[in-house]
Amino acid sequence: MGILGLGDIGKQLARRLSGFDCQILAYDPFADKTFAIDHGVILASMDTVIAKSDFLSLHLPLLPETQALLVMSFFQR
């Protein structure tokens with residue numbers, strides 16, 4: 001499972017997923033490393049999270065920088 005944006009909502013998702021037997025990858029430029037370690041979340045680059053995840057959950061604010069984030073990421077491959 002890939003999580004893009006590990007803020008409050010992304011953290012809540014990671015907490016819920018920790019009860020399942022799955023690997024959780026996450027990208028956030030300001031990630032809480034202590035939270036990630038405590039909850040078994042593997043912090044990785046956005047490209048790695050997208051490439052290795054079967055499912056993606058997006059928890060990003062709609063800003064000019066994030067508006068077409070996935071479209072740009074997929075077309076740059």
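Start by selecting Ala51. Buried or exposed? Ala51 counts as exposed because its relative accessibility is 52%, and the cut-off for exposed is over 50%. This is a predicted model, so treat each stop as a computed value.

Keep Ala51 selected and show its helix. Ala51 sits in H3, which covers residues 46-52.

Next, colour the strands. Four of them make an open sheet, ordered E3-E2-E1-E4, with parallel pairing. Look at the edges: strand E3 (41-43) and strand E4 (56-58) each pair on one side only. From one strand to the next, the twist averages 25°.

Zoom in on residues 2-4 and 24-27. These are strands E1 and E2, paired in the parallel sense over three bridges. Pick Leu4, and opposite it in E2 you find Tyr27.

Bring in residues 8-17. This is helix H1, which packs on the sheet and touches E1, E2, E3 and E4. The direction of H1 makes about 165° with that of E1.

**An edge-strand serine**

Go to Ser57, in strand E4. Is Ser57 buried or exposed? With a relative accessible area of 14%, Ser57 is buried, because the cut-off for buried is under 20%. Show side chains here. Those of Ser57 and His59 are joined by a polar contact of 2.6 Å. Then display what surrounds Ser57. Beyond residues up to four places away in sequence, Ser57 touches Met1, Gly2, Ile3, Leu4 and Leu13.

**The cores**

Which residues make up the largest nonpolar core? Select these nine: Ile3, Leu6, Ala14, Leu17, Ile24, Ala26, Phe35, Ala36 and Val41. H1, E2 and helix H2 (33-38) are the elements that give two or more residues to this core. In soluble globular proteins, nonpolar side chains tend to be buried together.

Centre the view on Ala14. Leaving out neighbours within four places in sequence, Ala14 is in contact with Ile3, Ile24, Phe35 and Val41.

For the last stop, select Leu4, Leu25, Met46 and Leu69. They are among the six residues of a second, separate core.

Terms used. Residues are numbered from 1 along each chain as its sequence is written. This is a predicted model: local features need pLDDT of at least 70, side-chain atom pairs count only at pLDDT 80 or more; totals for chains, interfaces and linings use all residues. Side-chain values use heavy atoms; hydrogens and water are left out. Helices (H or I, at least four residues) and strands (E, at least two) are DSSP runs, numbered from the N terminus. Buried means under 20% relative accessible area, exposed over 50%, partly exposed in between (1.4 Å probe, protein chains only). Two strands pair if DSSP finds at least two bridges between them. Axes are lines fitted to C-alpha atoms, for helices over the stretch in contact, and angles run from 0 to 180 degrees between N-to-C directions. Contact means heavy atoms within 4.5 Å. A polar contact is a pair of N or O atoms within 3.5 Å; within protein, one must be able to donate a hydrogen and the other to accept it, and residues adjacent in sequence count only if both atoms are side-chain atoms. A nonpolar core is a set of buried Ala, Val, Leu, Ile, Met, Phe, Trp, Tyr and Cys residues joined through side-chain atoms within 4.5 Å.
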